[in-house]
Structures are given as structure tokens and as C-alpha cells.
Amino acid sequence: ALADAAHDAGVIEQKDYAIFQNKGYQGLYGGLGVKEIHARKGLKKSEKILDHMGSTELAANLFRATQTEEKLRRENIHGKAAANQAHYDVGRKVRQTIQELGGTMPEDLPTPEKSVKQIEREDRRATPEEQEILSKYVGWGGISQAFDSDNQQWGKEFSQLFDELTPKEYEDARKSVLDSFFTSPAIIDGIYEALEKFGFKGGNLLEPAMGVGNFVGKMPSEMAENTHVYGVEIDSISGRIAKQLYPDADIQVTGFEHTNFQNGSFDVAVGNVPFGDLNFPDKQYGTTKLHDFFFAQTLDKVKDGGIVAFVTSKGTLDKKDESFRKQLAEKADLIGAIRLPNNAFKANAGTEVTSDIIFLQKRSAPPEEFPDWVHLGKTEDGLRVNSYFAENPEMVLGTIVEGNKLYGRNDDT
């Protein structure tokens, strides 16, 4: 832990450790120390700064702490002054990285889950200023360690979440850590640009895994004026924030499997669907993966000729088992797909994951024979990949290497 590393470096007395911690905060918060941060957050003297952080701010501070610990040990730093300088330098470097990525400075990040609770208690809509605060929430995917009760390095954060959230909020947040990676504006803009080219200018739009509503917020203004949005979000905090950000949308805070939208009622569906194992029996479609279920149910909900534009894991198109792609091909044509580089979500959600953007158009009847994209092919280098990418390598943003290592995950989900 950081305290142990600081002690080994010569920061032994409690008052010296307080100075050491203050230096780290000053580096990360642009010169603001503990007292200034307390004042900025409106905290009492007895309240701890770490107990009043949102997930993004907490992740930045935890990264500062872990990197300082490693630096103290790696460089065998000794002496209080040297340790203080190291902590300050690491904090400043983390701040510079946030700035280079276009992120919000930590001193400007409130605690969104508390903000939305306060607004709900007051039984009102969020003000524009509060909406700006709430929109910065990016979910729990980047700090999954905070939900691990056995991870001693994240023990304080685990306790904070367990105490701060209600049992249902905590369970919803814990379940979302594998797939709570919200989508960058550039990807969303590209999807809407494609939808406009495909002829969508307005209608009923479904987002079945909406998070806080990034797709809704980035919709082109002319399209938004003629579109009624229906959203679904299983995470209680994210869904409630979305309701405050987009009060005119029809948003349900529940699992997609619990909704009862009529089949054939949507013109378009968009979103970044969750991935991982299904945690309920799918008797209707027979799927075992979350992203497969979202594709299958969504295709039933869109009209004939309607378009589904989803960000999904590479497993949808690249898994060895062709059975689910055959199921998709019976209901829809593949308009096109784009394979994203593995850092496409790093700036917005702190994660590297292999993803594709897939555009499907619903058919009115199954095809006479299965199309090529149901099957796998090979690249010029002999690497196995979906035949669509093998035949259209220009749709891969990067270079596929052995095991798709450029894209992170090697599984076939």
C-alpha cells in the first residue's frame, strides 16, 4: 500500500504523512491541497475527501496512489522531501494525462450519485447546471476492483460503495462492471452519420442499454426534433441520471428482458450493448450471451426495414460457432461493419476492449441461403476473422495480428 511505501521511504510520523498526501493532491488538483479541496466540495473537517468522490475522480486518485507507490519502490526513493516530490510529480503527471485526453479536471468533478438522489428527494427536474454535472458520470466499468471484497488495496473504496449505495443500487452497479463502458462521442457521431445516409431522419428510436444517455445527447438536432426516444438501463444510478438528463424520453430503469415493447414498433435501435454471460435463462431465443440476447430481442422490436446499429464485442462476428449469426441472418441483412481499435473506449471509460460497430437491416422473410458474413474467413496473413472483414479489410481500423492481440480479448464471446 502507499502508506507502507511512504514509511519505507522515511515518511514515518503522522504529520509527515499528512504533508506527503497533501503533495499528491496538489499535483493532481492543480495546486489545491486538502484544505482547499475540502472547501471546494463543501465538506466538514470530519469528512474524508475520498468518501465524496464520483467514480471518475476516485479512479484518478487511485491511479495516483498506485503509481506513486510503484515509483517509491522502483526508484528506491528515500527521504521525506524526495518522497513528497515524487508524490507531487505523479499527481501532476496524472493531471496532464487527463488534460491531454480532454477530460474534466478532478476538482471540477462532483459526486453524481449523490446529486441525483438529492434531486429525486426534492421531486423536481435537474437544472441545466445539474445536468452538466450528471452527464459526466461514466459508470463503474473502470473501477471494478472497488467491488471486490477480497481486494485489500481497494478496501476503503469497497466500504465506501457498500455504505453509500442502497443494496439494490450496489447490486446493479456490481453487475454492470463487466460491460459498463460508455461510448465515445466520435463513435456515436459516426453511427448517426451512417443512419442519416441510410435514410433515417426521425421516428421511434430504441436504446436498450442506454447508460446515462450518451447516444441521446449526441443525436443531431434535426433528427432529434423528429424522433421519440425509448430507453432502457438496468443500472439504477445510470438510468435515473438519464431520466434527469432527458425528461422527454420514455426511459425504463430495468433489465431489457423485463420490458414489453411491441414487436415491430421501432424504426431504429442504437447503443453499446453489454457483453458477457447471460444471467437468466433465455427461453425465447436460446442465447447464452448478453450481447446475443440484445441483438435477438431488438431485431424483434424494430420494423421490417428498420436498422439496428450496435457497438458490440468482436465475438458477435468472430466467434467460431456460426449458429447465432445464422439466427441473425434469418432476420436481417448486414449493411456493414467497422472493427474498432482496442483503445476506442479508453479515453471515455478507462478500458481497452475489442469492439465492432454493426449495422443490420431487418428482413421481412428469411433469405434462401445464408450470406458469407455468417462464416469465418482468413486475412491475407492467414488469420481467422469474419469473412466480411476478410473481404473488406478497409473496414478494420488498424491491423489484425495473431490472436487479435491488437484488440485485447482473445475469447470468442
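Mentor: Happy to. Keep in mind that this is a predicted model.

Trainee: Let's start with the sheet: in what order do the strands lie?

Mentor: Strands of a sheet pair through backbone hydrogen bonds, either parallel or antiparallel. Here 7 strands form an open sheet, and the pairing is mixed. Going across, the order is β3-β2-β1-β4-β5-β7-β6.

Trainee: Which strands stand at the edges?

Mentor: Look for strands with a single partner strand, so that one side is left without a neighbour in the sheet. That picks out β3 (250–252) and β6 (332–340).

Trainee: Now β1: which residue is the bridge partner of L205 in β2?

Mentor: β1 (residues 203–207) and β2 (residues 227–232) run parallel, joined by 5 bridges. For L205, the partner in β2 is V229.

Trainee: How many residues of β1 are buried?

Mentor: Buried here means under 20% relative accessible area. β1 is largely enclosed by the rest of the structure, because the buried count among its 5 residues is 4.

Trainee: Which strands does helix α10 lie across?

Mentor: Helix α10 covers residues 185–197 and runs at about 160° to β5. The strands it lies across are β1, β4, β5, β6 and β7.

Trainee: Moving to α2 and α5, how are they arranged: roughly parallel or roughly antiparallel?

Mentor: Two packed helices are described by the angle between their axes and the distance between the axes. For α2 (residues 14–28) and α5 (residues 80–100), the axes are 6 Å apart and the angle is about 25°. Angles under 35 degrees count as roughly parallel. The two helices are therefore roughly parallel.

Trainee: How many charged residues does the contact of α2 with α5 have?

Mentor: Residues that meet there include D16 and K23 in α2, and R92 and R95 in α5. By class, the contact has 7 nonpolar and 7 polar residues, and the charged ones number 5.

Trainee: Last one: is N76 buried or exposed?

Mentor: N76 is in the loop between α4 (55–74) and α5. Most residues other than glycine have a negative phi, yet phi of N76 is positive, near 50°. Exposed means over 50%. With a relative accessibility of 52%, N76 therefore counts as exposed.

Technical notes. Residues are numbered from 1 along each chain as its sequence is written. This is a predicted model: local features need pLDDT of at least 70, side-chain atom pairs count only at pLDDT 80 or more; totals for chains, interfaces and linings use all residues. Side-chain values use heavy atoms; hydrogens and water are left out. Two strands pair if DSSP finds at least two bridges between them. Contact means heavy atoms within 4.5 Å. Axes are lines fitted to C-alpha atoms, for helices over the stretch in contact, and angles run from 0 to 180 degrees between N-to-C directions. Angles under 35 degrees count as roughly parallel, over 145 as roughly antiparallel, 65 to 115 as roughly perpendicular and the rest as oblique. Ala, Val, Leu, Ile, Met, Phe, Trp, Tyr, Cys and Pro count as nonpolar, Asp, Glu, Lys and Arg as charged, and the others, Gly among them, as polar. Buried means under 20% relative accessible area, exposed over 50%, partly exposed in between (1.4 Å probe, protein chains only).
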